[in-house]
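User: I'd like to learn how to read a model like this one, feature by feature. Can you walk me through it?

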Amino acid sequence: MTDRPVITDDQRRAALQQRLLLDDTTGHSVIEVADAVVGLHATIPSTVHLSAWARGIADGPEPVEAALYRDRTVVKQLAMRRTLFVMSRPVLAEAVGAVGSRVAASERTNMLRDLRRSDDVSDPEAWLVAAHDAVLAEFGDGAAFSASELRKRLPDFDIEVMISPGKSYGGLSPLLPRMLNFMAAAGEVVRGPNDAAWHRSRPSWTAMATWLGEPLPHVDPHAGHIALVERWLRQYGPGTETDLVWWLGTTKSAVRKALAALDVREADLSNGVGYLLADDPLLDGAVDAVEPRALLLPTLDPATMGWKERDFYLGEHAPELFDRNGNGGQTAWWDGRIVGGWVLDDNGVRVVPLEDLSADAVASLNARAAELTDWLGDHRPTSSFPSPLMRRG
């Protein structure tokens with residue numbers, strides 16, 4: 001027997017709805033929404049705006065655009081799991097400190113591997129150092145350039161290398177755009193102005209300190225892990241060690257050291273032992289009753305992708321809503337769990353249930369679909385990771 005408290009799936013779903021992860025109330029700032037999910041997924045540009053809409057930022061895409069490009073209170077950054085996020089400045093510093101060096105090291109290793117196949121580069125290590133310094137020099141006066149513009153400005157470093165030789169998807173690939181990703185992961189450069197509509201990505205790059213108006217604060221890896229694990233537990237908890245390792249894209253050792261530095265408690269979950277912060281009201285069984293809510297979340301929404309072990313909110317719907325690489329598509333939620341998906345066609349947003357639903361659930365989901373159709377107007381954002389349900393339409 002154990003004296004660990006038992007947290008039921010129903011309690012987890014109720015807590016999920018109370019923490020802005022699935023809260024459909026209005027009036028939140030972009031920073032509040034970004035922090036409530038510890039970073040909005042941004043691999044697909046429209047996901048940032050649709051995730052914000054689902055959490056109460058209803059005045060079109062403008063509030064998110066202003067936060068990103070005018071006020072710069074949130075910033076796009078390659079971070080956890082080598083995924084692009086939109087994060088507030090404090091989370092940005094923590095993410096760069098915790099996992100930035102790990103992502104940057106992976107990028108550097110991959111570039112060196114491919115450079116060693118090139119007949120044009122005799123010293124790959126020296127080439128990387130020189131290219132790095134040349135890119136920083138281009139951004140030294142606060143300038144911003146797209147990757148293609150940077151290639152034209154640095155012709156001596158505009159080389160292509162063979163990637164995935166012998167594979168059908170292999171071929172020549174330019175190195176400078178990859179150098180930008182490497183430097184971004186390290187917190188040196190950042191995606192700046194976007195020369196495209198809100199649901200498309202055509203970024204210019206610039207120096208991080210220039211974009212922020214100040215140097216990015218230094219956070220060491222251990223401190224960064226502690227900060228991010230605490231944020232994740234406060235917003236997503238309870239969760240398992242497996243959830244944390246996956247979400248951070250880090251090691252078990254780093255997660256265990258962070259948990260040891262925090263005041264956490266263990267609890268029994270339906271899928272094993274989970275962790276919560278010691279002041280989490282779930283430990284006392286205190287979960288306020290929440291009215292069922294209908295939500296429509298975009299592809300790769302943070303709530304869909306928040307846990308590695310998803311049965312408590314996903315059930316048996318993964319084959320319909322996730323692609324083969326584990327990317328979650330457009331989902332329909334009712335009462336804290338996924339009950340179907342949605343598609344966008346010529347007539348607007350349409351909900352596709354994957355189970356029998358109550359009349360209230362159907363009516364509420366269809367009402368949200370009508371609201372999203374109005375919000376989108378004539379825009380028709382597309383997804384790079386359509387789920388099987390989305391492919392069928």
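Predicted model: local features only at pLDDT ≥ 70, side-chain atom pairs only at ≥ 80, totals over all residues.

User: Is D114 buried or exposed?

Analyst: The idea is to compare the relative accessible area with a cut-off, and buried means under 20%. D114 has a relative accessible area of 1%, so it counts as buried.

User: What does D114 touch once its sequence neighbours are set aside?

Analyst: Leaving out residues up to four places away, D114 touches V161, M162, I163 and R178. Its side chain also makes a polar contact of 3.2 Å with the side chain of R113.

User: R178 is on that list. Where does R178 lie, and what does it touch?

Analyst: R178 lies in helix α8. At 15% relative accessibility it counts as buried, because the limit is 20%. Beyond four places in sequence, R178 touches E107, N110, M111, R113, D114, V161, I163 and S173.

User: Okay, how do I think about cores?

Analyst: In soluble globular proteins, nonpolar side chains tend to be buried together. Here the largest nonpolar core has 90 residues, and M80, L233, L296, W333 and L372 touch the most other members. Helix α5 supplies the largest share of this core, seven residues. There is also a second, separate core of 31 residues, which includes V103, M111, F157 and V161.

User: Which residues does L296 touch?

Analyst: Not counting residues up to four places away, its contacts include W53, A54, T331, W342, V349, L365 and L372.

User: What happens at the start of α10?

Analyst: There, a side-chain oxygen of D220 comes to within 3.0 Å of the backbone nitrogen of H222.

User: And what covers the buried residues of α10?

Analyst: The buried residues are G224, H225, I226, A227, L228, V229, W232, L233, Q235 and Y236. Their cover includes helices α2, α5, α11 and α12, along with strands β8 and β9.

User: How do I describe the packing of α6 and α8?

Analyst: Look at how the axes approach and cross. The axes of α6 (124-138) and α8 (176-185) come within 11 Å and cross at roughly 80°. Angles of 65 to 115 degrees count as roughly perpendicular, so α6 is roughly perpendicular to α8. On the α6 side the contact is made by W127, L128, A131, H132, V135 and L136, and on the α8 side by L176, M179, L180, F182 and M183.

User: Last topic: which residues are apart along the chain, yet have their C-alpha separation listed with L321 or Y69?

Analyst: L321, in helix α14 (318-321), is 69 residues from M390 along the chain, and their C-alpha atoms are separated by 8.0 Å. L321 is buried, because its relative accessible area is 0%. Its contacts beyond four places in sequence include L314, I338, L354, S387 and L389. Y69, in helix α4 (62-70), is 125 residues along the chain from N194, with 7.9 Å between their C-alpha atoms. Leaving aside neighbours within four places, Y69 is in contact with K76, G192, P193, N194 and W211.

Technical notes. Residues numbered from 1 in each chain as written. Heavy atoms only, no water. Buried < 20%, exposed > 50% of the residue type's maximum accessible area, 1.4 Å probe, protein only. Polar contact = N/O pair within 3.5 Å; in protein donor to acceptor, adjacent residues only side chain to side chain. Contact = heavy atoms within 4.5 Å. Core = buried A, V, L, I, M, F, W, Y, C linked by side-chain atoms within 4.5 Å. Helix = DSSP H or I, 4+ residues; strand = E, 2+ residues; numbered from the N terminus. Axes fitted to C-alpha atoms, helices over the stretch in contact; angles between N-to-C directions. Parallel < 35°, antiparallel > 145°, perpendicular 65-115°, else oblique.
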